[in-house]
Amino acid sequence: EGEQAPGFDASDYFDPLRYGKWATDSFTEAKVAETYAKNNRIVYPFENRSAGREEIKGSYPLHSVLAQHGAQFGSFGASGIETPICYNAEPLPVHDSTTFFDFPWSATATKEAEHVLSDVGLSYSSFSKISVKGERSREFLEHVTTAIVPKKPAKNEGDMPCRLTYATTPKGYVCTEFTLCRESDLGNSWYLVGSRDHHHMDVTWLRDQARNWEGGENVEIDDLSEKICVLHVAGPKSKALLSGIDERISAVPFMHGRDLQNLAGVEGADARVFRVSFTGEQGFEFHFKSELGPQIHDILFNHPLSSEFKLKHFGSAALNSLRMEKGFKLRADLDLSHYKEAGIGPFLAKKRKFLGRNDSFEPARLSKMFKIYTDKENAWSIPGDTPVKTAEGKVIGYTTTAAKSATFNGTYGMGFVYADADLPAKVFVEAYGSKFEAEILDTPPERMKGKDE
């Protein structure tokens, strides 16, 4: 039916929907020239090749504000959106990097992660935002996603319950993930948040499924990704800080959202506030019209309490470090695996049918985490698809993503082991000529703290 074997996702290589309208002729010319010029050169991790960057800079109102606060913008992926890899008073050479280890931003990102763990941080989040509406929209989402979709309104008026869920192909392979939010008491309006790099594909996929589903003609799907921006506040002091800025925030329950008008008493500063955090720490997301970005940022960062609580910016590298320890997966960690391989058991409805459901499927691989005893220089240097081997050199699995740990002197990684492999207590990971001892973990090393008061 047109599906490739597990482990190969053609959309990352061939699907033109991975590019948006930002991929103009001038961007394409610059990127083609760079690609051919470097066709036979070594590809480095976190290289962040810079051609075409001038064509997409400033593509959202918050960009210039973040730059004024020292944002060091890294890659722009398939979204055409530059996100800060870290923040530093002086420019760091984050583009066209030619090293395999000890990256110029490593120390800064490590400090940012440590600060979020002890105090509170502010980050820009580049997610997709998709609206799904219609009389049978809940039934549609139950058809195309794996988790239980909230059937009832929240207990408190104005609260919007959220769920993490996944979407599968007709053969049961995980093709994307969403956090979905029930916007209305009637259950006919939903707000989905997912991967910004794949939002064109996700929107097209949802529309295709609606066309092929009985009743789908009454389901309306809109892409809000460019219209809405997100700021993210996380850390053990986040609730105390934000409650001081606007006391209404303290009443938002975990895994719920609430629309707040005139945030902190500022006329017109309207935001939807969610008590969720991809760091796995206590945290909140603020979703608002993109043009309000500079104003919302100013309310949060320049409030008198923010200095008292030591609010600091943090970038995507620190976020990656923190989410890794809680076992929070990126799209890359799903690797087009079957839902029975992907380690998403808690997010599967127990009895309800969904697209591609086949509980008799025999997994060929199993999702695992790895604790890798790297040294300081190589803590960020374990790429995806790094083989995991036994002492005898037999490959028994591979990594999908990895990041320096914020809590121990080494690296945590995600990936898969082969289902028929004998798993020894000690394994090894080899990357860029270095070999590191590692352990296979069945559960995340750190607990999720989002519910903490």
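Predicted model: local features only at pLDDT ≥ 70, side-chain atom pairs only at ≥ 80, totals over all residues.
1. Strand β11 (residues 271–274) sends A271 and V273 one way and R272 and F274 the other way, and all are buried.

2. β11 has partners on record here. With strand β10 (residues 256–260), β11 pairs in the antiparallel sense over four bridges. With strand β12 (residues 283–289), the pairing is again antiparallel, over three bridges. G257 stands opposite F274 in β11, and F274 stands opposite E285 in β12.

3. Next, the barrel. Six strands close into it, in the order β14-β17-β16-β15-β18-β19, with antiparallel pairing. From one strand to the next, the twist averages 40 degrees. Strand β16 (residues 395–404) and strand β17 (residues 411–418) are joined by seven bridges in the antiparallel sense.

4. Two charged side chains sit over rings. R365 lies over the face of F416, 4.7 Å from the ring centre. K371 lies over the face of F408, at 4.8 Å from the ring centre.

5. The structure holds 18 aromatic pairs. One of them is F46 with W105: the ring centres are 4.9 Å apart and the planes stand at 75 degrees, so the pair is edge-to-face. The cut-off for that class is over 60 degrees. This pair links distant parts of the chain, 59 residues apart. F46 is in the loop between α1 (25–37) and α2 (53–56), and W105 is in the loop between β2 (84–87) and α4 (106–118).

6. W105 counts as buried, at 1% relative accessibility. Both belong to one aromatic cluster, formed by F46, F103, W105 and W380.

7. A second pair is F140 with W213. The centres are 5.7 Å apart and the planes are at 55 degrees, so the pair is tilted. F140 lies in helix α5 (residues 137–144) and W213 in the loop between α6 (199–211) and β8 (220–223), so the contact ties together parts 73 residues apart in sequence. F140 is buried, with a relative accessible area of 0%. W213 also counts as buried, at 13%.

8. Helix α6 has 13 residues. From first C-alpha to last, α6 reaches 18 Å, close to the 18 Å expected at 1.5 Å a residue. Its buried residues are H199, M201, D202, V203, W205, L206, Q209 and A210.

9. How many disulfides are there? A search of the whole structure finds zero. C86 shows why: its sulfur is 20 Å from the closest cysteine sulfur, in C229, too far for a bond. The cut-off is 2.5 Å between sulfur atoms. C86 counts as buried, at 0% relative accessibility. C229 is in no disulfide either, and the nearest cysteine sulfur, that of C181, is 18 Å away. C229 is buried too, with a relative accessible area of 3%.

Methods
Residues numbered from 1 in each chain as written. Heavy atoms only, no water. Phe/Tyr/Trp six-rings, centres within 6.5 Å; stacked < 30°, edge-to-face > 60°. Helix = DSSP H or I, 4+ residues; strand = E, 2+ residues; numbered from the N terminus. Buried < 20%, exposed > 50% of the residue type's maximum accessible area, 1.4 Å probe, protein only. Lys NZ or Arg CZ within 6 Å of the ring centre and 35° of its normal. Expected span 1.5 Å × (residues − 1). Pairing = 2+ DSSP bridges. Axes fitted to C-alpha atoms, helices over the stretch in contact; angles between N-to-C directions.
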